[in-house]
Amino acid sequence: MYKLVIISVNSPIIMGIYANKCNKPTLLYMINIEGKISEIMPLLFNYIISNKIHHNIEKTSTQKCVLKECKANVNLAKEYNVNIDKVDSTKDTKEIKQVDFSVVEALQCLTNFSDIESIYYARGVGSLSAIKLTHIFLHTISLSLNIPIYATNSFYFTDNNEIKAFANMSFFLNQDSKTIKDDEKNCIQLSKSISPSTHFTLPNILIENDFCESCTPLYITPVI
């Protein structure tokens with residue numbers, strides 16, 4: 001069984017599939033895909049949950065999304081009988097290697113991971129509409145398929161304490177700890193951007209206890 005981690009607080013969406021290796025959930029497959037949250041989120045989960053390849057996807061997916069990055073732990077993939085044969089070893093000699101997939105091939109690879117036992121996600125901060133859509137979608141998946149979900153905040157996935165909000169504004173985390181309780185939102189400040197480019201990364205090893213926050217949207221500005 002697999003664990004899924006998803007960052008969907010803005011475009012691009014980053015999704016990681018984790019497999020247990022020596023009782024440590026280890027990143028097996030990662031996809032970084034750009035497009036509208038309302039279109040990409042159902043597309044990703046459709047491949048995982050339905051476990052089917054849709055032959056008409058090539059035309060629609062290339063119109064709706066762009067693959068920015070795809071990586072895989074090739075050795076771990078072999079252990080789990082996941083065939084990933086487009087690894088570019090000349091560019092990356094690390095355990096997690098770049099995969100030379102098209103967007104269609106990257107999506108089709110998700111059909112290998114239909115046995116999801118839990119979902120871990122970033123509940124915000126970020127785009128209000130993205131946070132709201134992600135919340136509704138993941139809770140629907142959780143309730144309909146009986147898959148538990150766990151949450152942390154977006155700052156957990158970046159070394160920076162600034163996350164782009166809108167226009168020339170950003171969210172800033174004003175504390176050392178990256179755990180944010182619902183009654184401690186004042187540790188996040190909305191101010192003029194300093195370095196608005198936010199780079200999110202998935203951990204190689206999933207520390208499940210870090211996802212201890214409420215599974216509710218982390219809104220700093222009022223919801224419209």
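**Entry 1: the seven-stranded sheet**

I began with an open sheet of seven strands, whose order is β5-β4-β3-β2-β1-β6-β7 and whose pairing is mixed. Strands here are DSSP runs of E with at least two residues, helices are runs of H or I with at least four, and both are numbered from the N terminus. Two strands count as paired if DSSP finds at least two bridges between them. β5 (96-98) and β7 (149-152) are the edge strands; each has a single partner, so one side of each is left without a neighbour in the sheet. I noted an average twist of 25° from one strand to the next. Angles are taken between N-to-C directions, from 0 to 180 degrees, with axes as lines fitted to C-alpha atoms, for helices over the stretch in contact.

The model is predicted: local features need pLDDT of at least 70 and side-chain atom pairs count only at pLDDT 80 or more, while totals for chains, interfaces and linings use all residues. Residues are numbered from 1 along each chain as its sequence is written, and side-chain values use heavy atoms, with hydrogens and water left out.

**Entry 2: strand pairing and helices on this sheet**

I looked up β1 and β2, which run antiparallel and are joined by six bridges. I6 stands opposite M15 in β2. α1 packs on the sheet and touches β1, β2, β3, β4 and β6; contact means heavy atoms within 4.5 Å. The direction of α1 makes about 25° with that of β2. α5 lies across β1, β6 and β7 and runs at about 165° to β6.

**Entry 3: the three-stranded sheet**

I then turned to an open sheet of three strands, ordered β8-β9-β10 with antiparallel pairing. Four bridges link β8 to β9 (residues 169-173) in the antiparallel sense, and F166 stands opposite M169 in β9.

**Entry 4: backbone exceptions**

Most residues other than glycine have a negative phi, and most peptide bonds are trans. I recorded a cis peptide bond from S11 to P12, with omega near 10°; P12 is in the loop between β1 (2-7) and β2 (13-21). A cis bond also joins G124 and V125, with omega about 15°, and V125 is in the loop between β6 (116-122) and α5 (128-145).

In the loop between β2 and β3 (24-35) I found C22, with a positive phi near 55°. N23 is found in the loop between β2 and β3, and its phi is near 65°. C22 is exposed at a relative accessible area of 71%, and N23 is exposed at 76%. Exposed means over 50%, buried under 20%, and partly exposed in between, with a 1.4 Å probe and protein chains only.

**Entry 5: the largest pocket**

The largest pocket holds about 290 Å³ of space. A pocket is an open set of points on a 1 Å grid over the protein atoms alone, where a 1.4 Å probe fits and protein lies on both sides within 12 Å along at least five of seven lines; lining residues have an atom within 4 Å of a point. The volume is the space filled by probe spheres set on the points, which are joined across faces, edges and corners.

Which residues lie nearest the centre of the largest pocket? They are S11, P12, T198, H199 and F200, out of a lining of 15 residues. β4 (65-73) and β8 (162-166) each supply at least two lining residues.
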